[in-house]
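Hello,

Here is the structure I promised to pass on. Please open it alongside these notes.

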Amino acid sequence: MTDYNPIKIEEKWRKKWEEKKAWNIDIKKSKKPYYNLMMFPYPSAEGLHIGNVYAFTGADIHGRYMRMNGHDVFEPMGFDAFGIHSENFAIKQGTHPKDETGKNVNNFREQLKHMGALFDWEHEVDTSSPDYYKWTQWLFLQLYKQGLAYRAKAPVDWCPGCKTVLANEQVIGGKCERCDSVVEQKDLEQWFLKITKYAEKLLNNLDEIDWSEVVKTAQRNWIGRSTGAELEFRIKNHESRVRVFTTRPDTLFGATYLVLSPEHPLVSSMIHDSKFMIQNLDEIKDYINDTKKKTELERTDLAKEKTGVELKGVKAINPANNKEITVWIADYVLSGYGTGAIMAVPAHDQRDFEFAKKYDLSIEMVICPNYPDPTCPVLDEAYEGEGYLVASGDFTGMPNEEAKDKIAKFVNGEEKINYHLRDWLISRQRYWGPPIPIIYCDKCGAVPVPEKDLPVELPYVEDFHPTGTDKSPLATIEEFVKTKCPQCGGEARRETDVSDTFLDSSWYFLRYPSTEFHKKPFDETITKKWLPVDMYIGGKEHSVLHLMYARFITMALRDAGLIDFEEPFVKFRAHGLLIREGAKMSKSRGNVISPDDYFESYGADALRMYLMFLGPYEQGGDWQDSGITGVARFLKKVWELCQNKKGKVKNDPELERLTHKTVKKVTEDIENLRYNTAIAALMEYVNKFTQNTAYDIYCVETLLQLLAPLAPHITEELWQEALGHEASIHNEKWPEYDPEKIKEERARMAVQINGKVRSQIEVDVDAQEDDMKELALGDEKIKKWLEGKTPKKIIVVPNRVVNIVI
Ligand SMILES: [Zn+2]
Ligand SMILES: [Zn+2]
């Protein structure tokens, strides 16, 4: 008997599989295509993270399971190599991102190969390679042609750490998602993609796609659809109008003042137009200047006290009751949301309530919970609930839901749908990304680079550091900037911003099957065959970033007639987070696990199994440093079992039932990504069938087949070397079970007295609980233990246990 040496056998099979290209499939000829995608990593210098191994293992087990179920599983892998992550690291190391990336990609690939996954390396992509980003630029041009890419001046989020603007989605709690710096607001001219055009579709399709609920919920919230009305307020003695968006037109009679954002165009025109006769001009100007220094987070933080200034001398008219109301500016109203102005109803909105209390503004209750009782409760906070209208003219007495539409119509309001989602800001004042393919000509304006001239290559330059101005470092490279206008041939300048790394990853799944195709980013026939992606597994932290962007890009490409589906991923599952001994893993804590250490000591099979054993894959797991030994022992046991395989035993119905039950359990668990309980069932199976003095060889074979997706190396070795099969276990068909054979007619139940097992009984599995009680109490042994006492309580767990409490 040979000892189990995981390192040796894993290396042997890795080599054999690679030589045979065991996992490569014929993309063109495949009959049963199954596209199994996982989120490609950005190749950091620290190497593969154990969190990557966790994510990819779960996805690979799914792929291997589908493969054994007869599918041609395409499981590609690549590198999200462009972007600020890689660039920031190069800056820190004093190296160049291009050199750094090349090195890291090679290192990652070698590490990934140790996992024993189905990766098809002939279809690798690297987003920083000109072969790839040529098509990212092409994608930008298609969007531009459709009017979905535009340049505009807007207040944008600027990260002082990364020295670039960020997309809305990259600002989390007012901070940069990459470097945690508090973001600032700047008014800059930037490139945007019109994702808002698809807000409705992005929202509605969520009802149809088979995705993890947690991600769908995050997307729904981020899209943030609210229905309401846009109402118009007149400014007294002036032709100006202020439009406000409100979801509560039913409270209009209680609107006692208006609030404009300090950036509202009317504010600046009031300042410059003497007709308004603002009495506190200096105070207003100071307030506007103070606002400029604040971050969006500081402005909207609910816990912070609200500030504002009245525009003294300006009055607005409430269109419902023609009452004069005051007009304020306040920084908690943002110019980018809605119309940049609100009607304040302090009785029915908590934020307005606090503001009104602070500045002693009138609070008028117009919705009461208990109409017709005319006494409204005295408010110590806003009443935001349902009720009946009071003090609302002809609408008094009406239920507030009904009044919403009616009051909006009464003041000629316009029904309106508002979204939280904003257009995707994609330009970055950085170096390490694809240059945006636009040329500026004094005569012709912004001209797209002709497709035949792609890629606009990113020049290799010594000084790639971000400048901290609103220009990318490319702006200082004259050979890059100076060019000819593609339209008139005159002198022109290139756009020097690069695009966001999330644009690179918004379409990579389209490229994988078509990496051998060079005329277009994706081959039409291949794409028809392989897309949309059948299963995508990744982290939920990408819910409103990558996963939203990829959906938008897919919809845009469909509308351009370039593909024929509008949702990129038929199924998406979010895996949980891997932590270590209760703590989040991070470099600063110094508790990051290197997968290499485990590949080289316990082997990939044990590491894969241990990671999956930690908990339900979709919920994550807590790595215990000594935990892997248990799984390693189990694999050793399996090894020895196959070496000592015993002779055949025929017709053991218990064993047969156990096997069918195990197949059923493991099948269902793997299908639902419950790998932890699948592993537990396999362990239990081994424990049970080895109790027999002799067990049928089919137990061992079934065990190996069920174990193959989880531990691909050891199962291959045992299948071929110990059991003498010629072909690979990974080409075996997944075992089936016969439901008839699982049926248990009789169950053995333990009978306990005060929690201690005192006897056993056998019952019909569908017997009533009372029958089980009766049977337990009638048992001779139990009678003796009871000594004639009457039980206080009898608890029955059907088919398992009867517990008698005395
Ligand atoms: Zn940053
Ligand atoms: Zn021109």
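**Helix crossing, zinc site and sheet**

This is a predicted model. Start with helix α2 (residues 50-68) and helix α19 (residues 604-613): their axes come within 10 Å and cross at roughly 95°. Angles of 65 to 115 degrees count as roughly perpendicular, so α2 is roughly perpendicular to α19. On the α2 side, the contact uses I50, V53, Y54, T57, G58, D60, I61 and R64. Their partners in α19 are L607, R608, L611 and M612. By type, the residues of this contact are seven nonpolar, two polar and three charged.

Next, the metal. Four SG atoms coordinate the zinc ion (ligand 1), from C159, C162, C176 and C179, at 2.3 Å. The angles between the four donor atoms run from 97 to 116°, which makes the arrangement tetrahedral. Along the chain, the donors follow the spacing C-x2-C-x13-C-x2-C. C159 belongs to strand β3 (residues 149-159), while C179 sits in the loop between β6 (175-176) and β7, so this pair ties together parts that are 20 residues apart in sequence.

Which order do its four strands take? The order is β4-β3-β7-β18, in an open sheet with antiparallel pairing. Strand β7 (residues 184-193) runs antiparallel to β18, and two bridges join them. In this pair, L193 stands opposite W424 of β18.

Best wishes

Terms used: Residues numbered from 1 in each chain as written. Chains lettered and ligands numbered in written order. Predicted model: local features only at pLDDT ≥ 70, side-chain atom pairs only at ≥ 80, totals over all residues. Heavy atoms only, no water. Pairing = 2+ DSSP bridges. Axes fitted to C-alpha atoms, helices over the stretch in contact; angles between N-to-C directions. Parallel < 35°, antiparallel > 145°, perpendicular 65-115°, else oblique. Contact = heavy atoms within 4.5 Å. Nonpolar A, V, L, I, M, F, W, Y, C, P; charged D, E, K, R; others polar. Donors = N, O, S within 2.8 Å, 3.2 Å for Na, K, Ca; no water. Tetrahedral: all angles 85-135°; square planar, octahedral: opposite > 155°, others 65-115°.
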